[in-house]
Every structure is written in structure tokens, then in C-alpha cells.
Amino acid sequence: MIIKRQIEISNEEAITLYGIKDENLEFIENLFGIEIFARGNLLTFKGESEKVEKALNLLYEILKYKEKRNLITKEDILMLLQKEEKKEEKVINKEIDKKGSIFINSKKEFVIPKTPQQRKYVLAIRKYDLVIGIGPAGTGKTYLAVACGIEAIKTGKFQRLILTRPALEAGERLGFLPGDLEEKIKPYLQPIYDSLFDLLKYEELRRWQDRKIIEIVPLAYMRGRTLSNAFIILDEAQNTSFGQMKMFLTRLGVDSKIVITGDITQIDHPLSSETSGLVEIQKVLSKIKGVKFVYFTNRDVVRHKLVKKIINAYEKYYEERNKDRNLRKTEKG
């Protein structure tokens, strides 16, 4: 939800806070992705409510800090922002401790989120009916969503756990492959099975599948269904088209919850003329109340320590390659 907040500060505070040619205000705008309008001593903050509140909290910390300094620099602002993030992390940690870890009571008794952002993700899943987790591989997006789904079934909050992902390698034309439906789709849904096998005992997983408590289906088979009293997970959502994403979201029935996961840097193949559904959903649903986006970074990678280094190396490579391309374009121009 987009909001506006106004505060009035003194002349002395304005001189210290704004910086040369308002560079500090522009820096804060870029940090939070909001707009700040300065008219004399009156400051107006405009943007998503959560981001505006965070920016205002930072501003109050800056005004306290300025009593010790005549000049506020970008380095000072970053230092104060880190302090605010640590405060928020402590609050999140306390909240997750109160509510407990994710209850599994099977092959694993509990699952414990390992990073502050993972904790925030788990809390969001428990609070919101639609949660979108976006970030690189190895950050626990799918695993934690599956764990939360199992917990929700075991505690009686939902009757079914439905897991789906686009079966792109087969072009969604699974009828040409040998075997029954499960044999056809299993190779494409194996990452979901991996999470389930790690969390649940085999006998329990088989029993849940036989009783249709757990369903694992390709996205193509979701069309036409209305899913009520269900915990639904869409994995690898970056490989959905705009139309597929709309179709999936409109499956949401009464007393149901959806968790969508994906990595917009790993779209596996061109989606013809259509944009990735996960890219577009950020624009379409960003202002809707009851929808929560959680973004992961390389700091949340919890796989082998080399995975984080590999991701960083690829990011650096792409940055350098894009710089070279832009430079060549400039030289040609």
C-alpha cells in the first residue's frame, strides 16, 4: 500500500540532514526505493508503507546522531542503517523464538530457519495468504515453504498440501512420455520430492499421497481447479508465463494459502513473446493488501559454502560482461 508521511524539522536539522545539493535525501530514496520531497523544513515521504516506516526510523536515528556531528555523510547513513537492521533482526529472532521453529515430527522433528531473512519468510508464510519468495538458489525458499506446509497439515490448519511447478523440459506435453502420470512428471518435480524425502518418513509420505493429503502435480494440471482448505506451493515460478501465473493465482479457494518461490536470474528458456510471470507479479500485486514479497540475497545461501562463491562469481562475470557491452555500444555510437 502506497502511503505519504510528513514530518517537520528545524533549520539546523535540515542543513545537517539534507547534505550538499540534497545528496543525503537522494541516497535515502535509493536505499529504500521511495520518494522524498523537501519543501523548506517540511519533509514528505511517499512509497510502500513498510519502506516509508523504515526510512522514517532511519531518519530519526540520523537526527539523534547529528548531535555528535556537524556533517552527516553517506557512510554515516549506511552505518546507522546497519544498526537499525540489527535491531529489526533481534525483534524477528525474538518473535520466531516465541512462535517456535517449524514443527515436523517425522524424519526431522523441527526445522530451524538459519538466517534473519529466512525467519522473516517463515513469519510471513504464517501470517499472509499469499507469499512470494524471490532469491538465488540455496536460500531455502522451497524447503522452508514445504516445511511450513507440513506443519500446517499436522496442526490441522489445512487439509491438503499441493505442490506444483512448470514442467518446462517436456513443454507441458506429458502425454507423449511413457508411464503413468506420476512416472511422467517425477523427473520435473524431483526437487520437491527431495524436500519431502528429507522431512518426512517414507511410509508417512506414501500414506499422505495415497490419501491425497499431499498432491504433487505439474502446473498444466492446475487449470480448471478451485483449491479450498489447501496449502499450495508453486516452485520455479520464474518459468511461468504471465498467463500461467494468472491462471494459478485464480485457483485460490476458501481457507487456502499460496506460497510462490523462484529466482528471476534463472529463467531456463525464452518464454516466446511473454514475460516471466514471476517478474510481472511484482508489478501487478505490489499494492495489494494481504500479499507479502520476501527477497533473499546471497547472504541467505545455506548450501555448501562454495555455492555462495559460485553465485558471487557469476554475478561479477555478468556485471563485467554488461559493462563491456555498454562500452562497445558507446564506442559504436
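**Ground rules.** The model is predicted, so I took local features only at pLDDT of at least 70 and side-chain atom pairs only at pLDDT 80 or more, while totals for chains, interfaces and linings use all residues. Residues are numbered from 1 along each chain as its sequence is written, and side-chain values use heavy atoms, with hydrogens and water left out.

**Overview.** I counted 11 helices and 11 strands. Both are DSSP runs numbered from the N terminus: helices are H or I with at least four residues, strands are E with at least two. The protein has 333 residues, and 46% of them count as buried. Buried means under 20% relative accessible area, exposed over 50%, and partly exposed in between, with a 1.4 Å probe and protein chains only. I then looked at contacts, meaning heavy atoms within 4.5 Å. Of those with a separation of 6 or more, 71% join residues 24 or more positions apart.

**Aromatic pairs.** I found 5 aromatic pairs in the structure. Rings of Phe, Tyr and Trp (its six-membered ring) pair if their centres lie within 6.5 Å; planes under 30 degrees apart are stacked, over 60 edge-to-face, the rest tilted. One of the pairs is Tyr121 with Phe296, edge-to-face, at 5.0 Å centre to centre and 80° between the planes. It links distant parts of the chain, 175 residues apart. Tyr121 sits in helix 5 (residues 116-127), and Phe296 in the loop between strand 11 (291-295) and helix 11 (305-332). Tyr121 has a relative accessible area of 0%, so it is buried. Phe296 is at 5%, so it counts as buried.

I next checked Phe158 and Phe231, an edge-to-face pair at 5.9 Å centre to centre and 80° between the planes. Phe158 lies in the loop between helix 6 (141-154) and strand 7 (160-165). Phe231 lies in strand 9 (residues 230-234), 73 residues apart from Phe158. Phe158 and Phe231 are buried.

**Helix 5 against helix 6.** How do the axes of helix 5 and helix 6 cross? They come within 10 Å and cross at roughly 40°. Axes are lines fitted to C-alpha atoms, for helices over the stretch in contact, with angles from 0 to 180 degrees between N-to-C directions. The two helices are therefore oblique to each other. Under 35 degrees is roughly parallel, over 145 roughly antiparallel, 65 to 115 roughly perpendicular, and the rest oblique.

Which residues meet? In helix 5, Gln118, Tyr121, Val122, Ile125 and Arg126 meet Lys141, Leu144, Ala145, Cys148 and Glu151 in helix 6.
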